[in-house]
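The sequence and the structure are shown first.

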Amino acid sequence: MIRPRRLDVLDGSPETVDALRHAPRVWYAAYGSNMHLQRLTCYLAGGRPPGGLRDHPGCRDPRGPARTAAVMLPGRLYFATESQVWTGGRAFYDPAGGPVRGSRGGGGPAATTPEVPARAYLLTAEQFSDLAAQEMYREPGEDLDLGEVLTHGRARIGPGRYETLVCAGLLDGAPVLTFTAPWSADDGTVRPNPPAAAYLAHLAAGIVEAHGWSPLRAAAYLASCPGARGHWTAAAIAALLTTPGTP
């Protein structure tokens with residue numbers, strides 16, 4: 001098993017925000033299908049991922065990540081809306097009250113809140129902007145202003161399902177960013193929607209790849225997430241990883 005990196009606190013002070021806005025690199029934390037490096041590469045260099053329905057134009061800078069790291073994000077994963085690619089519910093990240101409020105290590109608030117296994121990729125800020133654009137079927141090429149998300153831990157940059165930025169904390173002095181929906185799992189905006197078998201198999205395999213978890217542990221985690229809970233069992237999800245033809 002790979003020991004995940006713990007995130008440091010984001011204080012949101014003007015001095016810190018100003019420094020981070022001009023940082024050359026940021027971490028993109030993938031908690032869904034982009035936990036697979038092969039899939040992420042299609043967003044960076046362009047191309048169509050396995051099972052995809054369209055080609056991605058790629059980023060202005062097509063280079064791969066400078067580094068990768070297994071991380072735990074404070075919050076929880078849930079499934080909602082309907083995926084055009086996979087059918088069934090999409091994975092969304094619901095932060096636990098914003099950025100990390102504890103220190104690195106086993107103690108503090110981060111140890112008592114739900115956590116989401118994710119894979120962090122060290123990218124340029126330009127690459128992160130282009131990746132976010134492609135997730136919403138937009139053309140890359142415009143840099144995001146990260147001031148608000150670095151100040152408040154959250155920023156809504158559009159109405160779309162993946163157009164709310166979240167800064168979950170800091171890793172090695174660089175912000176850890178991801179994107180999710182503007183709603184939360186419990187605010188009644190959307191109903192939970194069970195994910196499809198192929199999507200669950202892909203997510204489980206991504207967790208196994210990024211964190212070194214056993215298939216059963218990854219399956220048990222996904223089976224506990226809203227949307228999947230009550231519709232999928234850990235045994236059923238684990239079986240998908242051993243079924244010929246599944247991701």
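The sections below describe the sheet, the helix on the sheet and the aromatic pairs of this predicted model.

## Sheet

The open sheet is built from seven strands, ordered β3-β2-β4-β1-β7-β6-β5, with mixed pairing. At its edges stand β3 (90–95) and β5 (154–156), each of which pairs on one side only. From one strand to the next, the twist averages 40°.

Strands β6 (residues 164–171) and β7 (residues 174–180) run antiparallel and are joined by seven bridges. Leu170 stands opposite Pro175 in β7.

## Helix on the sheet

Helix α3 (residues 125–135) packs on the sheet and touches β1 (25–30), β4 (115–124), β6 and β7. The direction of α3 makes about 120° with that of β4.

## Aromatic pairs

The count of aromatic pairs comes to 11. In one of them, Tyr28 and Tyr121 are stacked, with 6.3 Å centre to centre and 20° between the planes. Because Tyr28 belongs to strand β1 and Tyr121 to strand β4, this pair ties together parts that are 93 residues apart in sequence. Both Tyr28 and Tyr121 are buried.

The ring centres of Phe128 and Phe179 are 5.7 Å apart and their planes lie at 35°, so the pair is tilted. Phe128 lies in helix α3 and Phe179 in strand β7, so parts 51 residues apart in sequence are tied together by the pair. Phe128 and Phe179 are both buried. One aromatic cluster is formed by Tyr28, Tyr121, Phe128 and Phe179.

## Charge over a ring

The charged end of Arg217 sits over the ring of Trp213, 3.9 Å from the ring centre.

Technical notes
Residues numbered from 1 in each chain as written. Predicted model: local features only at pLDDT ≥ 70, side-chain atom pairs only at ≥ 80, totals over all residues. Heavy atoms only, no water. Pairing = 2+ DSSP bridges. Helix = DSSP H or I, 4+ residues; strand = E, 2+ residues; numbered from the N terminus. Axes fitted to C-alpha atoms, helices over the stretch in contact; angles between N-to-C directions. Contact = heavy atoms within 4.5 Å. Phe/Tyr/Trp six-rings, centres within 6.5 Å; stacked < 30°, edge-to-face > 60°. Buried < 20%, exposed > 50% of the residue type's maximum accessible area, 1.4 Å probe, protein only. Lys NZ or Arg CZ within 6 Å of the ring centre and 35° of its normal.
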